[in-house]
Structures are given as structure tokens and as C-alpha cells.
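Please consult the sequence and the three-dimensional view alongside the text.

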Amino acid sequence: MTTVLPEWLDPRPWLDLTRNTDPAPVRQALQADHPDIRELALFLSPAADTCLEAMAQRARAITRRRFGRTIQLYAPLYVSNHCPGGCAYCGFAADRKQVRRVLDDAELHHELDALKALGLEDVLLLTGERCAECGVDTLAHAVEAAARRLHSISVETFAMTQPEYCSLVDAGAVGVTLYQETYDPVRYAEMHRWGPKQDYLNRLEAPGRALDAGIRTCGFGALLGLGDPCFDTLAMVRHIRYLMRIHWKADYSLSFPRLRPESGGFQPAHPVNDRLLVRIILACRLCLPDVTLTLSTRESAAFRNAMAGIGINRMSVASRTTVGGYDARSPATGGQFDIHDTRDVTAFCSELRTLGLEPVFKNWDRAFQAITATP
Ligand code: SF4
């Protein structure tokens, strides 16, 4: 049975506008003081290509006003790649041939020390779907260990209950990232072949539960290439705006992960080229001026350099998508997907500075948690 989209999420009334080929309504949309969902659809349309320079200038001005010249840096750290899940696009799916591991205590400490030695203070801990080898307790333990060493700990893992999110907050987590992957329920059902992730609404509602539990920052994303990217972008922005009205004290971030090669050889049904990705990023910045926009090492160094500060204000660096990828003593597994930008921290920061931008390693201290937690 296909999930029925909630009214507050459904992007279909605006989908025709994303196919607009007339530049005039796009130019008009650029005059709006507070662009809404209608303007977002026009910024995503092919006609927006004729206004790309104007969109980029406005996006850069908004980004500079809200975030200055800063680029927040973070790194992902895979705690486990055990996964009973059946996501058709993922190198860690249960039917992929992979060495499976969960970091033991010593390995976890080595990985965290290796990140600390690189100067990184903001870490995103990742696991596969909930399983006997790695569940909430293992993750909470990893959060605790990370919070003892680093300043900002977020998790990207399976959808949880509110009490489970509370246990992560107690352990020191400040952020939860949970991509809906695709907001198109038909495509979602095709892509999630088995496992708990098949429950579309449970995943959709998980960020609200995390914020109810006291998580400060929620990260959103659609895996670009799975479904119609305009459908997914419209729904994603509606999702964030819906939660912003309820959890107005929280921070929000948005990522633009394009599908990358993985061990199963999955091919995107809706490939997103560079030009469309630029439109998506600029459109999101114009319509979500206060939201952190993130671009990971899935993208090339050239593309990341081009978008840094022009909408994008947060980037991963020196990333590994393997379990045990940072410390030379740990035997690393295969990766969840291939990364594209392989620059190290020094080279990356030096290029950011050349672009007139300021890399920021620490943007959050846990001492703030008590005074900013949402009720
Ligand atoms: S995306 Fe997550 S849940 Fe799905 S197969 Fe990969 S690791 Fe498992």
C-alpha cells in the first residue's frame, strides 16, 4: 500500500511550475522579499538558468548576512556497517558483499583521537539500520565517548522513538540527521525493499520526535537521483518549514547528496547534473535564509569550491565512509559509497581562505545545551 502524503508536505500543486520555460516569472520571483513555495518552484525550473547569475548574487548576499564568510567543518565517523536493511542504492545493504564491523571501544577512541588530531571538533556518527550488533545503546555509548573529546556530536542513523532520542541527548548529542531519501512515496516503496525503513511516515515524523526529545539541530536531505529532484526539493523545503513553525527555537540544516557509485552498482533513475544541482542549492538558499546548507565530499573539489559561500555554509572534510577509516591501526571496511573530494584538512582550508572564506572548526559548545534546548 502506498503512503498518502500529508497535506502540509504534498508538493504536487507546484510541480507544473518547476517545468516553466519562461524567464519572466522567474525574474518576478526574484523580486519577492520572502520567497515562498511558488517562488521555489520557479527557481527550480529550467527557465531559472537565464537568471542564475542574479540568483547566485542574491544567495551569496543572504549567506554572508546570516553566516558571514564562515564555512563550518565536520567529518562523518562510521561506528558500524552492520545493516539488515534493503535500500537498493546503498553499499551497506544486507545483500551487498562487505566485511561487517562495529568499532570496539579501543577502535572508537582511536578514530576520535585521529579526528581530534586533524583539528576537527564537529563529528557526525553513522550506523546502519538498528540490529543486534549496533542499536541505541551502542550508539549512545559512542556519543558519550565522542562528547568527551569533541564539541559537537550529531548522529545519522535509524529512525528512533522519542525516549530513544532522549537517551542520545543525555549522552551528549546535539544533532540528528535523517534523510527521507525520496519524498515520493511510490519511489520510496520501490527503493526500500525490506526492513523498518519501509515505513515512510515513521521516518518522516522522526525529526519531530528528535526535536521533542531536546535535539537542537535537525538535518534533512533527499538522495538526489532517486526520485524527481524537483518533487523532492519542494517536499523537503515544506518539511523543514512545517517543523520550523512548531520547533522555532531549533536549528535546521539541509544537505544535497547526489548518488555516488557504490558496490551494488545502483544507477540513478533521475540523474542530477551540475547545473540542476546549482539551481537546487540557490533556490533553497533564497527560500530558507536561516537554514544551514551543507555540501559533502560526495562532490568534486571544483564544485565545492564554486559553491562555498554561495549558499553553502557547512562542508565535510577529509571524510571516510568506511568503518575504521581514520586511524591507521584499524582495519577499514569497504565504503558506503565513493567520495569525490579527497583533499586533506590543510589543503581544503587553504583553498577556502584563498576564496576569502573562513573555515570554522568549533561552532558549538555543550555548555549552551541547557539554555537553548527546545521545551
Ligand atoms: S541506507 Fe542505511 S538502512 Fe539503508 S542499507 Fe544503507 S546503511 Fe542500511
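## Helix 2 and helix 10

In this predicted model, helix 2 (residues 37–44) packs against helix 10 at an angle of about 160°, and the two axes lie 9 Å apart. Angles over 145 degrees count as roughly antiparallel, and helix 2 and helix 10 are therefore roughly antiparallel to each other. The crossing of helix 2 past helix 10 is right-handed.

From helix 2, the residues Glu39, Leu40, Phe43 and Leu44 take part in the contact; helix 10 contributes Arg279, Ile280, Leu282, Ala283, Leu286 and Cys287. Sorted by class, this contact of helix 2 with helix 10 comprises eight nonpolar residues, two charged residues and no polar ones.

## Helix 9 and helix 10

Helix 10 (residues 274–287) also meets helix 9 (residues 229–246): their axes come within 11 Å and cross at roughly 20°. Because angles under 35 degrees count as roughly parallel, helix 9 is roughly parallel to helix 10. Helix 9 makes a right-handed crossing with helix 10.

On the helix 9 side, Pro229, Thr233 and Val237 form the contact, and they meet Leu276, Ile280, Ala283, Cys284 and Cys287 of helix 10. The residues of this contact of helix 9 with helix 10 are seven nonpolar and one polar, with no charged residue.

## Helix 5 and helix 6

Helix 5 (residues 136–149) and helix 6 (residues 162–171) have axes 8 Å apart and pack at an angle of about 20°. Helix 5 and helix 6 are therefore roughly parallel, and their crossing is right-handed.

Helix 5 supplies Val136, Leu139, Ala140, Val143, Glu144 and Ala147 to the contact, while helix 6 supplies Glu164, Ser167, Leu168 and Ala171. In the contact of helix 5 with helix 6 there are seven nonpolar residues, one polar residue and two charged residues.

## Surroundings of the ligand

Which residues surround the ligand? They are Cys83, Gly85, Cys87, Cys90, Phe92, Ala93, Gly128, Glu129 and Lys197. By class, five residues of this shell are nonpolar, two are polar and two are charged.

## Positive phi angles in two loops

Glu181 is not a glycine, yet its phi is positive, at about 75°. Glu181 lies in the loop between strand 4 (175–177) and helix 7 (185–191). Is Glu181 buried or exposed? A residue counts as buried if 20 or more other C-beta atoms lie within 10 Å of its own; Glu181 has 23 and is therefore buried.

Ala318, likewise not a glycine, has a positive phi of about 55°. Ala318 belongs to the loop between strand 8 (314–316) and helix 12 (345–354). With 24 other C-beta atoms within 10 Å, Ala318 is buried.

## Glu156 in strand 3

Strand 3 (residues 152–156) contains Glu156. Glu156 counts as partly exposed because it has 18 C-beta neighbours inside 10 Å.

When neighbours within four places in sequence are set aside, Glu156 is in contact with Leu124, Leu126 and Thr177. Glu156 and Gly219 are separated by 63 residues in sequence, while their C-alpha atoms are 8.8 Å apart in space.

Key:
Residues numbered from 1 in each chain as written. Predicted model: local features only at pLDDT ≥ 70, side-chain atom pairs only at ≥ 80, totals over all residues. Near = placed C-beta within 6 Å. Nonpolar A, V, L, I, M, F, W, Y, C, P; charged D, E, K, R; others polar. Axes fitted to C-alpha atoms, helices over the stretch in contact; angles between N-to-C directions. Helix = DSSP H or I, 4+ residues; strand = E, 2+ residues; numbered from the N terminus. Parallel < 35°, antiparallel > 145°, perpendicular 65-115°, else oblique. Left-handed = near helix turned anticlockwise from the far one by under 90°. Contact = placed C-beta atoms within 7 Å. Buried ≥ 20, exposed ≤ 12 C-beta atoms within 10 Å, placed from the backbone.
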